[in-house]
Amino acid sequence: MRLSQGYWQTLKETPSDADVVSQQLMMRAGLMYKTGAGLYTYLPMALRSLKKIERIIREEHDKINAFEISMPVVTPAELWQESGRWDGMGGQMLKSKDRAERDVCFSPTNEETVTDIFRRTVSSYKQLPVCLYQINTKFRDEIRPRFGLLRAREFTMKDGYSFHLDKASLDKFYDEIFVAYENIFRRMGLDFIAVEADGGAMAGGGAKTHEFQVVADNGEDYVVTVPRTRFAANIEKAVTVRKGITPAIQAPLVKLATPNQKTCEEVCAAHGILITHSLKSVVMNAVIGGKDQFFMVMLLGDDNLNEVKFKNKVNAEHIRPAQQAELDRLGLIKGFMGPGTSAELKIIYDDSIDMNSSYVAGANESDFHFKGFVPARDTIAKHFRADIRLAKEGDYIGEDPIVLKKGIEVGHIFQLGDKYTKSMKVTVLNEKGQSVTPIMGCYGIGVTRVLASAIEQNNDKDGIVWPASIAPYDVYLCFIGKTPETKSLAEELYSELRTAGMEILFDDRQLGPGVMFKDADLIGLPVRVVLGERDYLATGEIEVKVRKTGEVLKVKRQDLTGVLLKKLHELSRWA
């Protein structure tokens, strides 16, 4: 593409509402335009990169005999009602009515649609296993869309679904898709970790599940790793323990005046108490079987609740912190809450709490806490224990300390079991002619999230540093000089490099070198080629600069094509 004729422009200033590096750089570099909250228009260069990401995904899926289809973005309510998710998906599902007053929604995912397609087309074990996938638009009505493409409302996703006669077949394909995903993200030039994960509402109690996390400083997720064993798990999944906590010996239960001391930190600092000798109370509302239930979760004073573990433990459809009106009705005073006697309130103690040690805990009375609270002795209400704390630095898995890394989820694979095939009454005939319910797997890649994640991971103070395999173009070519001969030579180079199969962004705007070099760094293509009039006349050499490493080469014209092809091959060795 010639920049003089291209649809492209940069921004001098970073947009004030751009939250993260990828959003800032994509808007400054003219890759996308914000159309509305969580809604983006992809401009030509971004679209080129997205197509390359999609190509890699398609090629690796072809290798495992997965078949691409395209399902509608708008789907009828009946399918969701069959699975029970019409009401269960909550506010993220954008619903509407068509002109015939039929309920429809903008698909946030497509398990129901693909299951309906399967039951209409497959009837025998002879047609199994089969994997169908699409690369299509999704819409989830996020309450707070932010972080650009990392938390957008409309996005592009690859979602795949496999159907199997038995668990052995599902396990075999799961291993194949796992390898395919590793190949996909390697080919994209991303530094990623495959981690054990929680399947959430989608898995419905399914077995295996893994997330693929791109390591990035601005990652929204934490990954728990153990370097020695190479273990990795999502922080919401990892089971870790604390070590080195000295328990407080049992003492009489007494009231402690704590005026305006509402947090564990405030109470402990004011009274010289170790933070691990205090208990934090968190009250949660959980919708279970369509009914509201309330839980008081007890944690050590410096721990936080792992909401995913809590939701799974109580088998809830939805969870949220209790609201002030609910606390009032339960007789609880925020900042001074502790295990009470209300039959409506169930108590959960985290496993890290020593039930026979003394702690400071809320007294359910304004400006007072209990000192010498022993959970096993002083808890009257119904209670139980569970691992529901959030893992953190300093924890252990076995004898190994954990290391937390920040990551961005770009892929998720999990086994669904018969969650959808059973609810939608899908059967096939087995070898004996008997009707059986097939089981499913589900495999997603956030295509637009990959684009943003690649930039989050690959950038510097000057702009984007594209992985070569997904860069909009291979080479940024410009020339410095005003003579017709220099311009004519630049045109020849542009033609020759394109003929050799390279994708060239030709900056023929004839601007000053400072402006061109600044734009080149902002766009961040793998290689920059500069034809300088003075240098070429003096030495017959052309400058080649590798964006990622800063390596600069002086190359004779006759060697230029070969040098560039070699460099691009080295930079995209997985492609």
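Good morning. I begin with Asn 65, which follows helix α2 and has a positive phi, near 65 degrees. Helices here are DSSP runs of H or I with at least four residues, strands are runs of E with at least two, and both are numbered from the N terminus. This is a predicted model, in which local features need pLDDT of at least 70 and side-chain atom pairs count only at pLDDT 80 or more, while totals for chains, interfaces and linings use all residues. Residues are numbered from 1 along each chain as its sequence is written, and side-chain values use heavy atoms, without hydrogens and water.

Helix α2 itself spans residues 44-63. From first C-alpha to last, α2 reaches 29 Å, close to the 28 Å expected at 1.5 Å a residue, where the expected span is 1.5 Å times one less than the number of residues. Its buried residues include Met 45, Leu 50, Ile 53 and His 61; buried means under 20% relative accessible area, exposed over 50%, and partly exposed in between, with a 1.4 Å probe and protein chains only.

His 61 leads us to Tyr 181, which touches it as well as Phe 212 and Tyr 443, among others; contact means heavy atoms within 4.5 Å. Tyr 181 is also among the residues with the most contacts inside the largest nonpolar core, which has 66 residues. Helix α6, residues 167-187, gives the most to this core, with 9 residues. Such a core is a set of buried Ala, Val, Leu, Ile, Met, Phe, Trp, Tyr and Cys residues joined through side-chain atoms within 4.5 Å.

Finally, the loops. Between α5 and β7 lies Pro 129, and the peptide bond to it from Leu 128 is cis, with omega near -5 degrees. Asn 260 has a positive phi of about 60 degrees although it is not a glycine.

Key. Lists of a residue's contacts leave out its neighbours within four places in sequence.
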